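User: I am new to this structure and would like to learn how to read its features one at a time. Could you take me through them slowly?

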Amino acid sequence: MLPIEGAFELLFPNTCNACLEVEAPHGEIMCVACQSKSTISELHQFRENEFTRHFWGRVPIYTGAAMYRFSKGGVAQNLISQFKYKGNIHIGTYLGKQYGSILKNQLLYKQVDMVIPVPLHFRKEGKRGFNQSEVFAKALAESMGKPCETKVLLRVRHTATQTKKSRQERLDNLTNAFQIKPGCKIEGKHILLVDDVLTTGATLEACALVLQSQNAVRLSLLTIGIGASV
Ligand SMILES: [Zn+2]
């Protein structure tokens, strides 16, 4: 470590983003104890798994996986909330790079043509300052050696709270919120659609339906986490 970096770390200690207590080693986002508790899932090794099961009978997908299984108050969940709500963008980049380097060697993901993040409405993105799915997707794509396309799938409408609507009404409403940019050619492509967390799967389902309105699109889905919401 250079003396200047040492001084910087004294002024701004690199606190673990999962337990928020212990200092993380230089260049790491978690302390050693949290690292050992944060096990990356094996979901990407199986074409059908508990992630893809969420979409059975809803939308046809090729495969899908989540990097982490969430448990309430668990390491991975804290990590995402630091990323999503506290604006620690480097966490998303770090996770994307890490998972991308694993997927790069997985047969199921080798034929992916492009990575597409679920878009946020520009008003929401403006408020948060970034799109968390895009941050993760860009690092993931770079690590996989694939292009990340952020201008293909557009969010054209902001969706208000939908709790009083039926499932079908919610889905219709969500599907209308997304659109493929006119002139974009995605026919016959294998698209890896990326979101931050899989909870109900409604947003991913809506985006998937829009993308699959194009001929012969093969679609796979990926998130950072699956399980309890953050
Ligand atoms: Zn920790």
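This is a predicted model: local features need pLDDT of at least 70, side-chain atom pairs count only at pLDDT 80 or more; totals for chains, interfaces and linings use all residues.

User: How is the packing of two helices described?

Analyst: Two packed helices are described by the angle between their axes and the distance between the axes. The axes are lines fitted to C-alpha atoms, for helices over the stretch in contact, and the angles run from 0 to 180 degrees between N-to-C directions. Here, helix H8 (residues 167-175) and helix H9 (residues 202-211) pack at an angle of about 55°, with their axes 9 Å apart. H8 and H9 are therefore oblique to each other, given that angles under 35 degrees count as roughly parallel, over 145 as roughly antiparallel, 65 to 115 as roughly perpendicular and the rest as oblique.

User: Which residues of H8 and H9 meet?

Analyst: Arg-170, Leu-171, Leu-174 and Thr-175 of H8 meet Ala-202, Thr-203, Glu-205, Ala-206, Leu-209 and Val-210 of H9, a contact being two residues whose C-beta atoms, placed from the backbone, lie within 7 Å. The residues of this contact divide into 6 nonpolar, 2 polar and 2 charged; Ala, Val, Leu, Ile, Met, Phe, Trp, Tyr, Cys and Pro count as nonpolar, Asp, Glu, Lys and Arg as charged, and the others, Gly among them, as polar.

User: Is helix H3 mostly covered or mostly open?

Analyst: Helix H3 (residues 75-84) is mostly covered, with 9 of its 10 residues buried. A residue is buried if 20 or more other C-beta atoms lie within 10 Å of its own, exposed if 12 or fewer, and partly exposed in between. Among the buried residues of H3 are Leu-79, Ile-80 and Phe-83, and what covers the buried residues includes helix H2 (32-37), strand S1 (63-69), H4, H7, strand S5 (190-198) and strand S6 (218-226).

User: What should I notice about phi at Leu-20?

Analyst: Leu-20 has a positive phi of about 60° although it is not a glycine. Leu-20 lies in the loop between helix H1 (3-11) and H2, and is exposed, with 12 other C-beta atoms within 10 Å. Ala-216 also has a positive phi, near 55°, in a residue other than glycine; Ala-216 is in the loop between H9 and S6 and counts as exposed, with 10 C-beta neighbours inside 10 Å.

User: Where is Val-217 placed, and which residues does Val-217 contact?

Analyst: Val-217 is in the loop between H9 and S6 and counts as partly exposed, with 18 C-beta neighbours inside 10 Å. Leaving aside its neighbours within four places in sequence, Val-217 is in contact with Ile-186, Glu-187, Lys-189, Ile-191, Leu-211 and Gln-212.

Notes. Residues are numbered from 1 along each chain as its sequence is written. Helices (H or I, at least four residues) and strands (E, at least two) are DSSP runs, numbered from the N terminus.
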